[in-house]
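Reader: Could you walk me through how to read a few features of a model like this one?

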Amino acid sequence: MDYKINSIVEILRNSESVMVLTGAGISAESGISTFRGSEGLWEKFKVEDIATPAAFYRDSDLVWRWYSDRRKGMLDAKPNLGHIAIAELESFFDDFLLVTQNIDNLHRRAGSKNLSEIHGNIFREFCINCSFARASNECYDLTPKCPKCGAKLRPDVVWFGEQLPKKELELSFDFASRADTIIVIGTSAIVYPVAELPYIVKSSSGEVIEVNLAETPLTQIADVSILEKAGIVLPEILKLLRKQMG
Ligand code: OAD
Ligand code: ZN
């Protein structure tokens with residue numbers, strides 16, 4: 001692993017614009033389930049029963065109970081060494097963007113500032129009828145109602161079949177087209193459009209670094225790929241970077 005850590009730090013030292021893309025794997029060491037694989041959420045639950053607009057229309061109480069359970073788990077979880085290393089990495093670069101597919105808020109709690117939550121945040125909810133929105137860590141048995149108009153509130157997360165938030169999408173695609181380096185951590189890298197980001201970096205002559213427990217479709221095109229836990233690799237990168245960059 002050491003020579004790979006060295007190459008990564010070498011790449012970072014030659015980079016001005018650095019982007020980090022994370023998926024569920026970064027939070028696995030905080031005890032939050034990933035989506036795919038034998039222990040993944042999508043093995044136990046059907047996406048179409050829970051994470052689609054049709055599911056909410058059919059049975060919003062069921063959808064809210066599921067998201068309430070996840071809220072509780074995510075509230076009880078703590079940022080791990082991987083989240084903390086990413087927050088520290090930000091301080092080495094003037095031009096830095098962290099894009100996360102996670103909705104768990106752990107990056108923010110670890111101190112990341114320049115952060116784009118491209119699939120939303122579970123600790124926000126908004127009205128399906130008017131512009132009302134609020135932060136919340138309540139757990140509900142029944143669908144909460146809008147205090148302004150009485151319509152249903154929904155979690156502020158992106159469901160299957162929905163568009164990603166335009167502002168976040170533009171921000172990350174713009175950044176990718178000028179990034180010198182992207183570090184892709186703990187994502188199966190198959191859910192589009194986010195999975196395109198590393199290819200955009202690559203096609204504009206940037207470098208792609210991957211940290212994942214297992215190989216993904218991205219491993220083939222990555223300049224450096226480390227198959228190891230994020231909570232082990234990222235602190236090592238930080239340690240060497242600190243030593244060399246002060
Ligand atoms: P996945 O569950 O698809 O992938 C998690 C990845 O993390 C896998 O490639 C694992 O090998 C890797 N992994 C697990 N533990 C790790 C660790 N400790 N260190 C490093 N890597 C580790 O999750 P995502 O790629 O995030 O979308 O899934 C993408 C999207 O699909 C999610 O945002 C969600 C889901 O359906 C929506 O809900 C819209
Ligand atoms: Zn309303």
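Reader: How many residues of domain 1 are in contact with domain 2?

Author: Contact means heavy atoms within 4.5 Å. By that rule, 15 residues of domain 1 touch 13 residues of domain 2. The bounds, which come from an automatic or database domain assignment, are 1-32 + 79-119 + 164-246 for domain 1 and 33-76 + 122-157 for domain 2. Bear in mind that this is a predicted model, where local features need pLDDT of at least 70, side-chain atom pairs count only at pLDDT 80 or more, and totals for chains, interfaces and linings use all residues. Residues are numbered from 1 along each chain as written, chains are lettered from A and ligands numbered from 1 in the order written, and side-chain values use heavy atoms, leaving out hydrogens and water.

Reader: How much area do domain 1 and domain 2 bury between them?

Author: The size of an interface is often given as the accessible area lost when the parts come together. Here it's about 1,000 Å², 59% of it on carbon and sulfur atoms; that is the area lost (1.4 Å probe), summed over both parts. On the domain 1 side, A24, I32 and I103 lose the most, together 50% of what that side buries.

Reader: And how many salt bridges cross the interface of domain 1 and domain 2?

Author: Side chains of opposite charge can pair when their charged atoms come close. The cut-off is a Lys or Arg side-chain nitrogen within 4 Å of an Asp or Glu carboxyl oxygen. The rule finds one across this interface, and 13 in the structure. One of the salt bridges joins E88 to R242, with the closest N and O atoms 2.4 Å apart. E88 sits in helix α7 (residues 81-90) and R242 in helix α11 (residues 230-245), so the pair ties together parts 154 residues apart in sequence; helices here are DSSP runs (H or I, at least four residues) and strands are E runs of at least two, numbered from the N terminus. There's also a salt-bridge network linking R108, E117, R124 and D156.

Note on methods. Buried area is the accessible area (1.4 Å probe) that two parts lose on being put together, summed over both.
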